[in-house]
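Welcome! Please take a look at the sequence and the 3D structure below, and then we will walk through the fold together.

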Amino acid sequence: MSNTTEVLASDRVVAPSPKGRMKDVAATPVPEAPNGKVTLKELRANDRVRTYLEAANRQMATIGYSEHGVRHAALVAAISRNILMGLGEDSHQAELAAIAGYLHDIGNCVHRIYHPQIGASMAFYILEQMHMDANDVATVIGAIGNHEEPEGVPINDVTAAVIIADKSDVHFTRVQNPDPSTYDIHDRVNHAVQKSHILIDSAAMVITLDLVIDTGQASVMEYFEIFVERMIMCRKAAKVLKCNFRLIINGVEL
Ligand SMILES: [Fe+2]
Ligand SMILES: [Fe+2]
């Protein structure tokens, strides 16, 4: 029996305008978590975290990378949570996946290289200040430190969910280069992806990434040239979740 649910890959989360948020973040009190339980909602309300994510995205835009800011963070958080919920895991693990998903690229405000490890160190400090339970901190920073290919490893279910969620966010809205005449292959491929859906079949234990690509902008081969390493990582991550991973492009399973 098929029990397929679609998680949030197709819904684009739009970051709100920075207008009206120009307050002194240093003056923002850090909320403490009762019983060591920190929630995604608390992190999303944290102006310091938002400031670091926005700085990360500015740095990515400056070096010509696609969008890596609050929109990407919120989308990866939602997909990570929904992958684990869709597979019937408990809500606390799903919350940890959402938190790791939200913070996974925060290290880009320091440097693109080693951003998983830098980001894990930043998350450690943020979550310690919020008095998160130490086991939960360890789970979150392990997921952040392992989210990127080629050195990242899906060490547990939370990490696996973040990896799949992160790699599924390929979409034309992420391209930040305003000049199409200067697009590189990354821009062209991202710009060619018109739809991106993650589907969870909890009965058959299958995770599917279903993409619609405008082949007039980039060929399926170009997609593979860029994403083969990421797809291998997704397959390994799905295996940790005891699932098979399928990639469908324009209705054809690859
Ligand atoms: Fe990353
Ligand atoms: Fe990412």
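## A helix across the sheet

Helix α3 lies across strands β1 and β2, and it runs at about 165° to β1. Helices (H or I, at least four residues) and strands (E, at least two) are DSSP runs, numbered from the N terminus. Axes are lines fitted to C-alpha atoms, for helices over the stretch in contact, and angles run from 0 to 180 degrees between N-to-C directions. This is a predicted model, in which local features need pLDDT of at least 70 and side-chain atom pairs count only at pLDDT 80 or more, while totals for chains, interfaces and linings use all residues. Residues are numbered from 1 along each chain as its sequence is written, and chains are lettered from A and ligands numbered from 1 in the order in which they are written.

**The chain as a whole**

- The chain has nine helices and five strands.
- Along the sequence, these elements follow the pattern β-α-α-α-α-α-α-α-α-β-β-α-β-β.
- Of the 254 residues in the chain, 44% are buried. A residue is buried if 20 or more other C-beta atoms lie within 10 Å of its own, exposed if 12 or fewer, and partly exposed in between, with C-beta atoms placed from the backbone.
- Among contacts between residues at least 6 apart in sequence, 66% join residues at least 24 apart. Two residues are in contact if their C-beta atoms, placed from the backbone, lie within 7 Å.

**The sheet**

- Five strands form an open sheet with mixed pairing, in the order β1-β2-β3-β4-β5. Two strands pair if DSSP finds at least two bridges between them.
- The edges are β1 (4–7) and β5 (252–253); each has a single partner strand, so one side of each is left without a neighbour in the sheet.
- Strands β2 and β3 pair in the antiparallel sense over eight bridges.
- Valine 193 stands opposite isoleucine 213 in β3.
- Leucine 211 also belongs to strand β3, and it counts as buried because it has 23 C-beta neighbours inside 10 Å.
- Setting aside neighbours within four places in sequence, leucine 211 is in contact with Val193, Lys195, Ser196, Ile248 and Ile249.
- Leucine 211 and serine 168 are 43 residues apart in sequence, with 9.0 Å between their C-alpha atoms.

**Helices α5 and α6**

- The axes of α5 (residues 115–129) and α6 (residues 134–145) come within 8 Å and cross at roughly 160°.
- That makes α5 roughly antiparallel to α6. Angles under 35 degrees count as roughly parallel, over 145 as roughly antiparallel, 65 to 115 as roughly perpendicular and the rest as oblique.
- The crossing of α5 with α6 is right-handed. A crossing is left-handed if the near helix is turned anticlockwise from the far one by less than a right angle, and right-handed if clockwise.
- On the α5 side, the residues that meet α6 include Ala120, Ala123, Phe124 and Leu127, and among their partners in α6 are Val137, Val140 and Ile141.
- The residues of the contact of α5 with α6 divide into nine nonpolar, three polar and one charged. Here Ala, Val, Leu, Ile, Met, Phe, Trp, Tyr, Cys and Pro count as nonpolar, Asp, Glu, Lys and Arg as charged, and the others, Gly among them, as polar.

**Helices α3 and α7**

- Helix α3 (residues 70–86) packs with α7 at an angle of about 130°, and their axes are 8 Å apart.
- These two helices, α3 and α7, are therefore oblique to each other.
- The crossing of α3 and α7 is right-handed.
- Residues that make this contact include Val76, Ile79 and Ile83 of α3, and Ala161, Val162 and Ala165 of α7.
- The residues of the contact of α3 with α7 divide into eight nonpolar, two polar and two charged.

**Backbone details in the loops**

- Glutamate 149 and proline 150 are joined by a cis peptide bond, with omega about 5°.
- Proline 150 lies in the loop between α6 and α7 (157–168).
- Histidine 131, in the loop between α5 and α6, has a positive phi of about 60° although it is not a glycine.
- Histidine 131 counts as partly exposed, with 17 C-beta neighbours inside 10 Å.
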